[in-house]
Amino acid sequence: FSLGDNIKIRGEFKEGLNYEKGLIGSFLIEESEKMRNDLISKIYRLRETIFTGIKEKIGTRRAAIITSISFGYTEMLDEEDTENMKNLGILHAVSVSGLHMVIIYSLLKKIAGENLARILSGFYVIFTGAALSTIRSYIMLFITSLSKNVRRDYNPLAGLSLAGIIIIFIRPNSIFDVGFQLSFLATLSIILFNKKLNRYLYKLHKYLRENLAICLSAQILTFPVLIITFRELSLGFLLGNLLLIPIINVIVITGNILVLIFPFRAIFSYVIFINYYLTRILDSLTNILLNISIDTMNLNS
């Protein structure tokens, strides 16, 4: 079986609860049958097809970087690239996060209008594998856009709380998921501290001030979880986020354009090579930053 397959199975169920993993037991498969593909199956197949199309033009490694950054297809991502992004504190860029959702939603809003952007963004959530951070961001964006229609002020804390309630209602074991914890704590941290840090850094240039404030504020509440879970802390996160995220944001847009123009092979090839040169710039900056940044610090609880 491969990811996205629609399968009918028969067998014997044995109860065995594991709350942290969200498991209720094990299932011994005696007989299985592959069913007809549904919409979700087709969406997953499309991701694989686009990856293959990019790989044929520029190779596996760069295809993996583009598809992982653009729509979370991380299956073929090189271990060294993952480690480099981790050392520079930008690993969130390859697991489709709230940042991706905001970029895609803003783009769709400009092209198709607010009402259609809500629906199309929902398809993007499914297309990227429906990570908890993406669902959280989508719910908050949906509420933000809906608040204008119902003539109510948007409250980010209330939006974050409602997103948490919905996710936990559907998947109660989410509270044990590190991705869930980091996504919600980073967002809460930005809501609480971003404006205050912005005021403290008023002497800096606007671009530097705003990005620095977001980077630092996001770390305040996520820091304890990172130490307890991973026993290490990346000290290169500031440089990584300030210098690499702008390039990654462009790849998110150009990479997702590939999905829309996939049937038009000539244009598809042209945009692939735009992405190719963007990954080369990303590689060059990454190597420079790895040479000048401080190594990851190992810590304990």
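Reader: Does serine 147 count as buried or exposed?
Author: This is a predicted model, in which local features need pLDDT of at least 70 and side-chain atom pairs pLDDT 80 or more, while totals for chains, interfaces and linings use all residues. Residues are numbered from 1 along each chain as its sequence is written, and side-chain values use heavy atoms, without hydrogens and water. Serine 147 sits in helix 6 (residues 132-149), helices being DSSP runs of H or I, at least four residues, numbered from the N terminus. Its relative accessibility is 9%, and with the limits set at under 20% for buried and over 50% for exposed (1.4 Å probe, protein chains only), serine 147 counts as buried.

Reader: Which residues does serine 147 touch, not counting those up to four places away in sequence?
Author: Contact means heavy atoms within 4.5 Å. With residues up to four places away left out, the partners of serine 147 are Arg152 and Tyr154.

Reader: At what angle do the axes of helix 2 and helix 11 cross?
Author: Axes are lines fitted to C-alpha atoms over the stretch in contact, with angles from 0 to 180 degrees between N-to-C directions. The axes of helix 2 and helix 11 (residues 245-261) come within 8 Å. Helix 2 is roughly perpendicular to helix 11, a term for 65 to 115 degrees, and the crossing angle is roughly 95°.

Reader: How many charged residues has the contact of helix 2 with helix 12?
Author: The axes of helix 2 and helix 12 come within 10 Å and also cross at roughly 95°. Among the residues that meet are Arg61 and Arg62 of helix 2 and Arg280 and Asp283 of helix 12. With Asp, Glu, Lys and Arg counted as charged, the contact has 5 nonpolar and 2 polar residues, and its charged residues number 4.

Methods: Helix = DSSP H or I, 4+ residues; strand = E, 2+ residues; numbered from the N terminus. Parallel < 35°, antiparallel > 145°, perpendicular 65-115°, else oblique.
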